[in-house]
Amino acid sequence: AHTVEANVVYLQDAPEFQASFVSPRTRNTTTKGLSAERVFGVDASYNLRVGDLKARVSGYYTRIYDQSKVISYYDDVAATFTNFAMSGIDKRYYGVELGLSVPVWNGLSVVGALSWGDYTYTSNPNFVQTVDNVDKIVLKDKVNWDGYHVESSPQLAFNIGLDYRGPRNWFAGVNFNYYDNIYLSMNPMYRTATAIKYYTNVLTSNTATNAQKASALSSIKTLRKQEKFDSAYTLSANIGKNWYIHRQYTLGFSLEVKNILNNQDIRTGGYEQTRLTKNTETTVTTYQAFDSKYFYMFGTTYYLNLYFRF
C-alpha cells in the first residue's frame, strides 16, 4: 500500500542552431558565451493505495544552466532589423504536487490535484546586439533577469472534482480548476542599462530635484515590472459509455465540455513587445514600451469522440 520513489538526473544538451548564431542570414558569428546547456534535477514521491483509495505526494527541484536565446525583431529606435543574442540564462524550478482519489459511494469518487511551484531566473545573462546593415556589434551588456519569474506556466494550480464509474460501463465527471501565479514573458531589452540610461543619470545627478529623482525611479520600476496575470477558474464536465461486442470489440463515445462558464477573459500567456518608442525632448532621450500582447483561453468548447476498437 505504501511506496516511495526518487530520481536524480544530470544531463547536457547542445545549444540549438537558432540560438547558436547571432544572425545566420547575414554573418557567421556565434553567440558570445555559447556553451552546452546543463540540467540537474531531483524528485521524490510517496504513493498510497488502499483499495480504491489512491494518493500521491511529490516534490521536485531542478536547476538549468547556460541556456542561450536569440530574439530577432525590427528595432523602431534604430530603424533596422536587429538581433538580440543572450547566453548564460540560468533557471530554478522547485515545488510540490499532490494527487488524490477517494471513493465515496457506489462508483462515485472525489478527485483532486494541487500543484505549487516557484520558477525563477537566477542569473543576469550576457547579451550582444547586432543589426543587419552594420558589420559589428552595436551593443553588449547584461540583462537584469535575476529574481524574475519564468513566464507562462501557472505556478499554482488546483483541481477538485467528482468522478463516476457506473454499471454497464457508463462514466462521467465534473471538475473545478483554479490557476494563479502566471507571469508575462519578458522583453530583455527593457531590463538593460541602455533602456534606463536617462533615468539612472537623473538618479545620480547632483542637480536633479527630489521630485525628479522620484519620477525617474518610478519610471524604472514601471519599465522593468513583470506583469502577473489575474487568477482564474474554469468548470468542465464529461460523460461517456462503452459497449463490448463478443468480448473482442469495443464501441463507445465520450463527450467533454470545457470552460462551461464561457469565460473568455482568462489570460493564458503573452509577451512584452520587443519594440520601444524613443522620445527626444531637446537633450533628453527616454524610451517607452509598446503595449503587451496576450493569449486568451477559448470560451466554451465541446469535444465528441466516437470510437471502435478491434
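## A first look at the salt bridges, strands and core

Arg25 is exposed, with a relative accessible area of 60%; exposed means over 50% relative accessible area, buried means under 20%, and partly exposed lies in between (1.4 Å probe, protein chains only). This is a predicted model, in which local features need pLDDT of at least 70 and side-chain atom pairs count only at pLDDT 80 or more, while totals for chains, interfaces and linings use all residues. Residues are numbered from 1 along each chain as its sequence is written, and side-chain values use heavy atoms, with hydrogens and water left out. Helices (H or I, at least four residues) and strands (E, at least two) are DSSP runs, numbered from the N terminus.

**Salt bridges**

- The structure holds seven salt bridges, where a salt bridge is a side-chain nitrogen of Lys or Arg within 4 Å of a carboxyl oxygen of Asp or Glu.
- In general, side chains of opposite charge can pair when their charged atoms come close.
- One of these salt bridges brings the side chains of Arg25 and Asp132 together at 2.6 Å, N to O. The pair links distant parts of the chain, 107 residues apart: Arg25 sits in the loop between α1 (17-20) and β2 (37-50), and Asp132 in the loop between β6 (126-131) and β7.
- Asp132 is partly exposed, with a relative accessible area of 25%.
- Asp66 and Arg38 form another salt bridge, with their closest N and O atoms 3.2 Å apart. This pair also links distant parts of the chain, Asp66 being in strand β3 and Arg38 in strand β2, 28 residues apart.
- Both partners count as partly exposed: Asp66 has a relative accessible area of 22%, and Arg38 has one of 27%.
- Asp118 forms a salt bridge with Arg92, the closest N and O atoms being 3.4 Å apart. Asp118 belongs to strand β5 and Arg92 to strand β4, so the pair ties together parts that are 26 residues apart in sequence.
- Asp118 is buried at 15% relative accessible area, whereas Arg92, at 24%, counts as partly exposed.

**The largest nonpolar core**

- The largest nonpolar core has 28 residues, and Phe84, Met86, Tyr121, Val143 and Trp145 touch the most other members. Elements giving two or more residues to this core are β3 (53-75), β4 (80-105), β5 (108-121), α2 (197-204) and α3 (210-224).
- A nonpolar core is a set of buried Ala, Val, Leu, Ile, Met, Phe, Trp, Tyr and Cys residues joined through side-chain atoms within 4.5 Å.
- Trp145 is in contact with Met86, Ile89, Tyr121, Ser123, Asn124, Pro125, Met186, Pro188 and Arg191, leaving aside neighbours within four places in sequence. Contact means heavy atoms within 4.5 Å.

**Lys142 and its surroundings**

- Lys142 is part of strand β7 (residues 139-142), and counts as partly exposed at 39% relative accessibility.
- Not counting residues up to four places away in sequence, Lys142 touches Asn124, Pro125, Asn126, Phe127, Arg191 and Thr192.
- From Lys142 to Lys197 there are 55 residues in sequence and 14 Å in space, C-alpha to C-alpha.

- Strand β9 (residues 170-180) and strand β10 (residues 232-245) run antiparallel and are joined by 10 bridges. Two strands pair if DSSP finds at least two bridges between them.
- Across this pairing, Asn175 has Ser236 in β10 as its bridge partner.
- Nine bridges connect β10 with strand β11 (residues 249-258), again antiparallel, and Tyr244 has Thr250 in β11 as its bridge partner.
- β10 and β11 make a hairpin with three residues between them, and His246 in the turn has a positive phi of about 50°.

**The loop between β8 and β9**

- Most residues other than glycine have a negative phi, and most peptide bonds are trans.
- Arg168, in the loop between β8 and β9, has a positive phi near 60°. Arg168 is exposed, with a relative accessible area of 71%.
- Asn169 lies in the loop between β8 and β9 and has a positive phi near 65°. Asn169 is partly exposed at 31% relative accessible area.

**A nonpolar surface patch**

- Val4, Tyr46, Val57, Leu98, Leu114, Phe158, Ile160, Phe176, Tyr233, Ile260 and Leu261 form a nonpolar patch on the surface, with about 930 Å² of accessible area together.
- Patches are made of residues with over 30% relative accessible area and no salt bridge, with like charges joined within 9 Å and nonpolar side chains (Val, Leu, Ile, Met, Phe, Trp, Tyr) within 5 Å. Accessible areas come from the Shrake-Rupley method with a 1.4 Å probe, and for residues only the protein chains shown count as cover.
- Phe158, a member of this patch, is found in strand β8 (residues 156-165) and counts as partly exposed at 34% relative accessibility.
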